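Please look over the structure below.

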Amino acid sequence: MIYLGLLFFFVLEYVRIGSFVPGVEALHLNSVLPAAVFLGTVFATRPVSNGDALREPNTKLFLLLLGLIVASVVVADLTMAVVETLTMVLGYVLVYYVILRQATDLVRIKGVFAVMIFVHLAMIALTPELLTSPGQRHYVAYGTFLGDGNDFSLSIDVAMPLCLFLLSDARKLSGKMLAGASLLLLLLAVVATQSRGGTLGLAAVGLYYWWKSPRKLATGAGVIVALVVALAFAPQQYFQRMDTISSYETDGSAQGRISAWKAGTAMMLSNPLFGVGAGQFPSNYTRFAPSEVGWKTAHSIYFLILGELGLPGFVLLLSIIFYNLAANRRLARRLSAETAVPPTRSLRLLAALSASLIAFAVAGAFLSALYYPHLYVVAGLLAAG
């Protein structure tokens with residue numbers, strides 16, 4: 001029952017069905033359900049104990065992150081922004097904790113994968129113009145924190161390796177067809193958003209799978225086929241936006257990002273230990289970028305945490321990313337060394353989770369996705385897997 005509540009959390013958090021289903025908002029399920037699932041998990045004794053969860057390195061890293069956010073209040077101009085940031089991150093850390101303790105076998109992990117894919121397909125279905133009119137950029141209906149096409153593209157990048165694992169793991173033809181169709185729709189949706197960061201994240205996933213694959217020729221052929229399909233669907237506007245990646249000097253959007261990154265660096269230099277405080281980047285932007293007008297976010301997970309939580313926050317984010325990638329690599333090597341026949345299924349699972357984290361790390365370099373659920377969900381799956 002607790003596990004089913006976890007799965008339903010993803011539907012509520014990503015799709016926000018209360019926005020179009022009458023009566024759901026009045027039930028406050030977005031607050032009640034996570035609290036109930038967390039409390040149920042706390043009092044559960046199996047299969048992973050509270051002590052085991054607390055000893056997990058990811059748990060310690062996230063507790064340090066929460067501590068940094070709390071400590072940053074000493075330099076914050078807007079205390080409520082710190083409280084709001086703390087509330088968001090605490091909620092996602094609790095989700096991480098529930099995943100760690102509840103997704104304890106492959107069946108349950110695949111259930112989380114399936115729901116993660118479903119919520120993205122649901123948002124595509126709720127915004128059909130993404131695929132029917134890809135020449136224009138659209139906001140995603142009912143997407144909450146994923147309403148912007150760039151944010152939605154990053155989220156799809158994180159979900160696509162999970163879909164690829166389900167495709168490779170399916171035993172029946174119907175399962176393979178369903179996973180394959182889902183993978184194609186997710187790929188086309190990334191192209192439809194015309195997101196440069198999303199495209200780079202997708203390219204990083206493809207390169208990672210090619211590099212890890214023992215059959216590089218076959219994997220490379222698959223990547224090329226996917227590329228041909230995507231380019232055949234892509235409108236002219238997509239190619240025009242991709243051209244601006246190499247001509248950032250004349251692109252207004254790219255220049256805005258560079259200005260925000262410089263401001264984030266200046267915020268850190270003003271106070272290397274705390275930065276300007278959690279949730280304070282937008283309100284401090286014009287102070288550190290005096291030639292700019294209005295509030296602006298960092299457009300990068302790295303420069304956001306650098307500006308808001310200083311060098312300790314930046315090092316902590318890198319530690320979370322690199323620790324998980326290194327731990328997965330060590331586990332894959334150990335599994336391969338322990339058996340005469342490599343455990344292909346387990347290795348594919350580890351590769352999918354590493355690819356999701358790489359997608360977040362690459363696409364997140366261009367988006368302020370630090371306070372979105374992606375990192376915490378993937379870390380929970382990595383710890384559980």
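## Nonpolar core

A nonpolar core is a set of buried Ala, Val, Leu, Ile, Met, Phe, Trp, Tyr and Cys residues joined through side-chain atoms within 4.5 Å. In this predicted model, the largest such core has 115 residues. Those with the most contacts inside this core are Phe-10, Tyr-14, Phe-62, Leu-65, Val-112, Phe-113 and Tyr-376. Helix α16 (residues 344–363) gives the largest share of this core, eleven residues.

Which residues does Tyr-376 contact, leaving aside neighbours within four places in sequence? They are Phe-62, Leu-65, Val-89, Tyr-92, Val-93, Tyr-96 and Leu-370.

## Confidence

The chain averages a pLDDT of 88. Of the residues, 94% score at least 70. Among the elements, helix α4 (residues 57–71) has the highest mean pLDDT, 96. Helix α12 (residues 236–243) has the lowest, 79. Where pLDDT is low, predicted coordinates should not be read in detail.

## Met-88

Met-88 sits in helix α5 (residues 79–102). Is Met-88 buried, partly exposed or exposed? Met-88 counts as partly exposed because its relative accessibility is 40%, and that class lies between under 20% for buried and over 50% for exposed.

Met-88 and Gly-310 are 222 residues apart along the chain. Their C-alpha atoms are separated by 19 Å.

## Surface patch

Leu-184, Val-225 and Val-229 form a nonpolar patch on the surface. Together they have about 230 Å² of accessible area.

Val-225 belongs to helix α11 (residues 216–233). Val-225 has 52% relative accessibility, so this residue counts as exposed; the cut-off is over 50%.

Notes. Residues numbered from 1 in each chain as written. Predicted model: local features only at pLDDT ≥ 70, side-chain atom pairs only at ≥ 80, totals over all residues. Heavy atoms only, no water. pLDDT = per-residue confidence, 0-100. Helix = DSSP H or I, 4+ residues; strand = E, 2+ residues; numbered from the N terminus. Buried < 20%, exposed > 50% of the residue type's maximum accessible area, 1.4 Å probe, protein only. Contact = heavy atoms within 4.5 Å. Patch = residues over 30% accessible without salt bridge, like charges linked within 9 Å, V, L, I, M, F, W, Y side chains within 5 Å. Areas by Shrake-Rupley, 256 points an atom, 1.4 Å probe, with all protein chains shown as cover. Salt bridge = Lys/Arg side-chain N within 4 Å of Asp/Glu carboxyl O.
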